[in-house]
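Let's take a walk through this protein, from the overall numbers down to single side chains.

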Amino acid sequence: RCHALPDTYFIRVAFSAFSQRDKGEMTSVQLGLFCFIVGTVSGATIVVDEDNLGPSPKEIADGILDSVPDGQCTEDQEVIVCEGNVARLTCPPDTVIRITEANYGRSDFPTCPHPARSNRNCGNKAKSAAVVRNLCNRRRHCVVTATNGVFGDPCRGTYKYLRVDYDCEPAFSINTCEGGTARMTCPAGKVIRVQRALYGRTEFRPCPHPARSNLNCKSSNSFSIVNGRCKGKRTCVVSASNGVFGDPCRGTYKYLEVQYICG
């Protein structure tokens, strides 16, 4: 699980207060650059309010950067797109998408301005979430079109939008050369959930060998075999061999690549 971070940091800064209390520490230009960098690193939204006294720059930096866990991703990310547009969901490397909530419809007035937005009780959360989960769960990247063709029309005559809440779960990836044994394990209380599996060769670099020119080599039953052996278990071993997966490309040195999460 990722560690939660606040959705938005509202940092209220009084430039006059800085000049009195932290004289010479930071100019307005430096402050703007500071907020941009911190926002980029932490994923936070930085709002500078010159009318209210706030903490010093050092206090701001310490508070925000200390709350960003190393190597972890941000939970509860939200994407909103207006009807007819495309929502793009993405997670950092070695993590995958987990949809927590979604709704195609309308529940407020300000979002996606349009003359036809008086109905603010529009949508089917259960159906919307099911559609988005089917398209996005357990993937690193995903696109969803906010249209009636994808979700159905929950309220005719109303201009809608798609809101998706998701987080990024850590995913484990192992690569085992032909003839070796892939070993998957999860901590106590967690079980293996296989995301993808490939026995064959689609890249040149893994498992160096003279016989690796064929990069269009895939065993069609890779996922079903690994998932059948490992799903729901805390530990699992699978041999990377033709005896287990068949030989999808004779004469090519292959490997088994598995991506899984512990859930």
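What follows goes from the whole chain to its cores, and then to a few residues and ring contacts.

First, some ground rules: this is a predicted model, so local features need pLDDT of at least 70 and side-chain atom pairs count only at pLDDT 80 or more, while totals for chains, interfaces and linings use all residues. Residues are numbered from 1 along each chain as its sequence is written, and side-chain values use heavy atoms, with hydrogens and water left out.

Start with the whole protein. It has 7 helices and 11 strands; these are DSSP runs numbered from the N terminus, with helices being H or I of at least four residues and strands being E of at least two. Of the 263 residues, 40% are buried, where buried means under 20% relative accessible area, exposed over 50%, and partly exposed in between (1.4 Å probe, protein chains only). The accessible surface is about 14,400 Å², and carbon and sulfur atoms own 50% of that; such areas come from the Shrake-Rupley method with a 1.4 Å probe, and for residues only the protein chains shown count as cover. Now look at contacts, meaning heavy atoms within 4.5 Å. Among those with a separation of 6 or more, 78% join residues 24 or more positions apart.

On to the inside. In soluble globular proteins, nonpolar side chains tend to be buried together. Here the largest nonpolar core has 21 residues, and Leu-89, Leu-162 and Tyr-166 touch the most other members. A nonpolar core is a set of buried Ala, Val, Leu, Ile, Met, Phe, Trp, Tyr and Cys residues joined through side-chain atoms within 4.5 Å. At least two residues of this core come from each of strand 1 (77-82), strand 2 (86-90), strand 3 (95-105), helix 4 (125-136), strand 4 (141-145) and strand 5 (161-170). Another core lies apart from it, with 19 residues that include Met-184, Cys-186, Cys-230 and Phe-245.

Click on Leu-162 next: leaving aside neighbours within four places in sequence, its contacts include Val-79, Ala-87, Tyr-104 and Phe-151. Those last two residues also meet each other. Tyr-104 and Phe-151 form a stacked aromatic pair, 5.0 Å centre to centre with 20° between the planes. (Rings of Phe, Tyr and Trp, using its six-membered ring, pair if their centres lie within 6.5 Å; planes under 30 degrees apart count as stacked, over 60 as edge-to-face and the rest as tilted.) Because Tyr-104 sits in strand 3 and Phe-151 in helix 5, the pair ties together parts that are 47 residues apart in sequence.

Now for a lysine: is Lys-160 buried or exposed? Lys-160 is buried, with a relative accessible area of 1%. You'll find Lys-160 in the loop between helix 5 (148-151) and strand 5. Its side chain makes a polar contact with the side chain of Asp-153 at 3.1 Å, and a polar atom of that lysine side chain lies 2.7 Å from the backbone oxygen of Thr-158. A polar contact is a pair of N or O atoms within 3.5 Å; within protein, one must be able to donate a hydrogen and the other to accept it, and residues adjacent in sequence count only if both atoms are side-chain atoms.

Ile-225 is buried at 17% relative accessible area and touches Val-244 and Phe-245, not counting residues up to four places away in sequence.
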